Amino acid sequence: MFRMSGKKVELYRYTVTYTENEEVMIEYCISEEHKNEIEQVLTDKEITFETTLIDQTSNEWFNGLEFDSYDEALAVFNKGEQAYLQEKQRQELTDNLRLRADIDYLAVMSEVEI
Amino acid sequence: MQQQQQHGIYLSSSSNNTVTGNTCNNNSYGISLSSSSSDNTVTGNTCNNNNSYGIRLSSSSSDNTVTGNTCNNNNYGIYLSSSSNNTVTGNTCIRGIGTPEDYTINQYTIFLSSSSNNYNLISSNNCMGKAVVVEGGTGNSAWGNKFDNTDDLP
């Protein structure tokens, strides 16, 4: 359970469930501060609520990552942490090889030995 | 429409309207499109200081254009719920009055709620104070929305 704020992933940490106008409402909160604020609003309105902690232990790797869209984020999330780390490692390796090739090319063109 | 009403302007199951040049301040909902309201244009309105939503599209409201409106200091500036294929561009939705001391953590600029909003375009809006929040759905495009003083648009 997460949301995107701009490009950034924010994991939901709590749900606050209450009933208003005979409709069950669920507020998702990204932090304790967020949860406290929702609870305060409901308390001020004298609305009873139930707060539940969401266990995100296995999803912490995903928190704070940046993507161009929710679809892209969801695809990475669904593949899981190992696939994400492998892809990240592969990308770093590719970048390093590309950098090395660029350096070699410049060395050859400028007749400098490295 | 500047008194404590439930809605400033409310369209339900209504299509092909143009809502323009209105001021809908200090209500619960400034302008609300609901129940499959489609192909409407909401432009050049001012919806400030509403305690729930500045502009709200809900319940399968689709193919609407929301552009050039000012929705400052609402709980949600522009809010989409179960609504698809809408275009939201060029609006100003400042969080609070624009400084962190003046807004709450539960106050948003543009918010796509739950996983049932699809294929909406959210672009080139002034969202100072809080980036566009997307809770789910597919095919939504949120880009070029200014939310802080950096040059880096999300």
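What follows is a short chat about a predicted model.

Q: What should I know before I start on this model?
A: It is predicted, so local features need pLDDT of at least 70 and side-chain atom pairs count only at pLDDT 80 or more, while totals for chains, interfaces and linings use all residues. Residues are numbered from 1 along each chain as its sequence is written, and chains are lettered from A and ligands numbered from 1 in the order in which they are written.

Q: Which residues of H1(A) are buried?
A: His34(A), Lys35(A) and Ile38(A). Buried means that 20 or more other C-beta atoms, placed from the backbone, lie within 10 Å of the residue's own; exposed means 12 or fewer, and partly exposed is in between. Helices (H or I, at least four residues) and strands (E, at least two) are DSSP runs, numbered from the N terminus.

Q: What do they pack against?
A: Strands E3 (14-20), E4 (23-29) and E5 (49-53) of chain A.

Q: And which exposed residues are on the face turned away?
A: Glu32(A), Glu33(A), Gln40(A), Thr43(A) and Asp44(A).

Q: New topic: how many residues of chain B are in contact with chain A?
A: 16 residues of chain B, with twelve of chain A. Contact means C-beta atoms, placed from the backbone, within 7 Å.

Q: Which strands pair between the chains?
A: E1 (residues 2-5) of chain A and E11 (residues 133-134) of chain B, antiparallel, over two bridges. Pairing needs at least two bridges found by DSSP. Ser5(A) has Val133(B) as its bridge partner.

Terms used: Contact = placed C-beta atoms within 7 Å.
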